[in-house]
Amino acid sequence: MPAVTVENPLTLPRVAAPVAAHARPVLAVATAPSGFEGEGFPVRRAFAGIDYKHLDPFIMMDQMGEVEYAPGEPKGTPWHPHRGFETVTYLIDGTFVHRDSHGGGGVINDGDTQWMTAGSGLLHIEAPPESLVLSGGLFHGLQLWVNLPKSDKMMAPRYQDIGGGNVKLLTSADGGALLRLIAGDLDGHQGPGITHTPITMMHVTVNPGAELTLPWRKDFNALAYALAGRGSAGAEGRPFRMGQAVVFGAGDSITIRADESQESRSPNFEVVLLGGLPIREPMMHYGPFVMNTHAELAQAFEDFQAGRLGTIPAGEH
């Protein structure tokens with residue numbers, strides 16, 4: 001996992017929860033089912049089976065890969081529409097090229113994030129570059145969907161390309177964990193991602209046997225997802241491992257620990273931590289559209305069919 005790292009975490013700002021902080025208990029641990037997306041790349045549905053009341057404002061998250069492609073195997077997604085929410089693509093290994101029907105796009109590599117606010121709608125495509133298709137190679141990443149409040153659902157589309165070198169790097173009190181803060185605030189430190197819905201998103205690497213306790217906003221929910229390795233969550237030490245998500249209850253701190261023994265292919269415990277301010281509005285989700293009512297979903301589908309979300313460039317159907 002070559003996502004952004006440092007030789008000596010002890011040179012970084014340290015974050016720790018106050019001694020009097022109330023630890024959030026673990027409410028549930030869910031195992032992500034595996035499937036295929038787009039043109040056939042493997043995914044784990046990180047939040048499948050978790051009640052939306054625990055996810056709001058997050059809608060879904062896919063772990064893409066980790067997969068080692070042979071030459072000619074790398075796959076992406078076909079052209080498809082979005083409206084009413086934001087997609088966050090965080091790439092750990094590999095390269096992805098993005099293009100849209102408005103002429104936007106970009107390339108993300110190891111440790112980079114693309115934050116796309118679909119808003120009123122567009123068509124886009126994500127695929128590996130031709131060079132990666134020819135050579136094959138390692139591919140691993142995440143795509144997170146973040147809901148938008150009703151007031152922002154029809155805003156103009158917007159992009160943020162967050163280079164891996166721009167994430168805020170932090171460490172735990174003893175230097176046993178490296179935190180890559182992609183968006184939101186943590187103990188006064190700010191990630192580079194600009195969000196419409198207040199959230200915190202980070203990728204944490206925890207050394208074997210180390211423990212990480214972080215302050216957490218009381219009004220946010222709290223979720224953890226293991227990308228690789230194994231460990232435990234909460235003061236009660238609830239076990240979770242690669243491909244499992246943790247739902248935390250109320251409180252103002254969260255704790256995760258890495259087991260003393262890790263897998264040979266992943267020397268550390270790799271975890272994504274998420275928290276957000278619930279929107280608490282009706283959420284209607286149909287395929288690539290996330291709106292507040294069935295009528296708005298029907299309108300989104302009608303607009304897509306009529307070409308009002310944009311058209312695929314000539315020669316790319």
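Is histidine 82 buried or exposed? I looked this up in a predicted model. Histidine 82 has 2% relative accessibility, so it counts as buried. The cut-off for buried is under 20%.

**Entry 1: around histidine 82**

I found histidine 82 in strand β6, which covers residues 80–82. I then checked its side chain for polar contacts. One, of 3.3 Å, is with the side chain of histidine 80. Another joins the side chains of histidine 82 and histidine 124, also at 3.3 Å. I next listed the contacts of histidine 82, leaving aside neighbours within four places in sequence. Among them are Thr87, Met116, Trp145, Pro288, Phe289 and Leu309. His124 is in that list as well.

**Entry 2: a peptide bond**

I noted that most peptide bonds are trans. The bond from aspartate 56 to proline 57 is cis, and its omega is near 20 degrees. I placed proline 57 in the loop between α1 (52–55) and β5 (58–69).

**Entry 3: positive phi values**

I noted that most residues other than glycine have a negative phi. I looked up two residues with a positive value.

Aspartate 187 has a phi near 55 degrees. I found aspartate 187 in the loop between β16 (185–186) and β17 (189–190). Its relative accessibility is 44%, so aspartate 187 counts as partly exposed.

For arginine 280, phi is also near 55 degrees. Arginine 280 sits in the loop between β25 (269–276) and β26 (284–286). Why does arginine 280 count as exposed? It does so because its relative accessibility is 67%, and exposed means over 50%.

Notes:
Residues numbered from 1 in each chain as written. Predicted model: local features only at pLDDT ≥ 70, side-chain atom pairs only at ≥ 80, totals over all residues. Heavy atoms only, no water. Helix = DSSP H or I, 4+ residues; strand = E, 2+ residues; numbered from the N terminus. Buried < 20%, exposed > 50% of the residue type's maximum accessible area, 1.4 Å probe, protein only. Polar contact = N/O pair within 3.5 Å; in protein donor to acceptor, adjacent residues only side chain to side chain. Contact = heavy atoms within 4.5 Å.
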